[in-house]
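Welcome, and thanks for taking a look at this one. Below is a short briefing to read alongside the sequence and the coordinates.

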Amino acid sequence: MDLPVWQEVHQELAPLGFTVISVALDKDPEDARPWIEAASPTHPSLIDTEYRLAELYNIVNVPTVLWIDEQGRVVRPNDVMFASDAFVRIHGLDPAPRLDAVRAWVRQGTTGIEGEERELQSLPSETDQMARAEFVLARWLRDQGRTEAAERHFRRAGELAPHDFTIRRGSMPLRGIDPMGPVFREMITEWVGSGHSYYHPLPK
Amino acid sequence: MTTPFTLIDETRVTRVDAKMDDGRVLVDPGGVERATGWVRKPEGLCRDEVCVPVRNAGLDRDGRIDLEVMAQTLHRPIAVDTGEGAAALGTSAVDRGNLLASLEAPDITLPDLDGRTHSLSEHRGKKVLLVVYASW
């Protein structure tokens, strides 16, 4: 897990007017607790049990990182970034050059995509937003203990937005499905097998 | 006859009375206003200073408002489960798209493990690396 490395990045760069804010999209703070406690973060380490951030920033998978400047402007939209190389053989994204890019941003203000931020910002379709409404309804039904009805709407949400893994995988713990288990493996095999990517890093 | 119905507007959950008519969910205008802030006026559906004209005559039925026609009028998605008596109104793709295209980082307030809340906007003046992850 990457949180201890993010904490190191925070400590290294905080004196230069920088902070990491980490947010766990998890149904229950207790799910995130072991990861957070192991990292002893001094940066704000938050929990979003309603997946609000996914809706607000059109986030469709984790990990996702965004760079926000001093004026509250997104200067590098949704990107995939791993801080440790624990799973590099799976995702193929070498953390070292990406961490250097963060350092260069903090020290020199370069983002690597100057002038292209807007076109690289992904925007949701009407169907994506319908999927999110289905997901909200599903979660509410689940919280009411109406499991079968919830399951129908979780499935519907995933069918509407098959690329949205905050819905398709992120709903698994809410539905009593192991998010690392056979259902997930089958889903990702089918997705990748039909020519899609599971991670969508920015092109540069 | 009316039945209790739960209307979720983004994160706000409101109990209203609804009439089910042939698969349509009809809510009285007062309930719609409590749940969503939208008011039915002669000029359209209005909230604060904004009025959206109503082009679909199906919005008004028996002095009530058809929820799905309302969502369509506002270009908002709606997930409905008539059997469970609940619906969720989402954010329109156009509104969300405009906000994202502005590149203004939407503010959000979230708790840490101790329940202490933090807002993104508290960190103006710093560069922020927002890292979104999950245990799953």
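Which residues have the most contacts inside the largest nonpolar core? In this predicted model, they are A:Val23, A:Leu25 and A:Leu53 from chain A, together with B:Leu129, B:Leu130, B:Val131 and B:Val132 from chain B. The core itself holds 47 residues, and strand S13(B) is its biggest contributor, with six of them. Keep an eye on that strand, as it comes back in several of the points below.

**Cores**

**Where the chains meet**

- The contact between the chains draws on 71 residues of chain A and 46 residues of chain B.
- On the chain B side, at least two residues each come from strand S9 (78-81), strand S10 (86-89), helix H3 (93-101), strand S11 (109-111) and strand S13 (127-133).
- S13(B) supplies the most to that side, namely seven residues.
- By residue class, the side of chain B that touches chain A splits into 28 nonpolar, ten polar and eight charged residues.

**Strand S13(B) up close**

- Strand S3 of chain A, residues 64-68, pairs with S13(B) in the antiparallel sense, and five bridges join the two.

**Chain A as a whole**

- Ten helices and four strands make up the secondary structure of chain A.
- Their order along the sequence is α-β-α-β-α-β-β-α-α-α-α-α-α-α.
- The C-alpha trace of chain A spans about 55 × 35 × 35 Å along its principal axes.
- The radius of gyration of chain A is 18 Å, which agrees with a compact globule, because a globule of 204 residues would have a value near 17 Å.
- Of the 204 residues in chain A, 43% are buried.
- Among contacts in chain A with a separation of 6 or more, 52% link residues 24 or more positions apart.

Conventions:
Residues numbered from 1 in each chain as written. Chains lettered and ligands numbered in written order. Predicted model: local features only at pLDDT ≥ 70, side-chain atom pairs only at ≥ 80, totals over all residues. Rg over C-alpha atoms; globule rule 2.2 N^0.38 Å. Buried ≥ 20, exposed ≤ 12 C-beta atoms within 10 Å, placed from the backbone. Contact = placed C-beta atoms within 7 Å. Nonpolar A, V, L, I, M, F, W, Y, C, P; charged D, E, K, R; others polar. Pairing = 2+ DSSP bridges. Core = buried A, V, L, I, M, F, W, Y, C linked by C-beta atoms within 7 Å.
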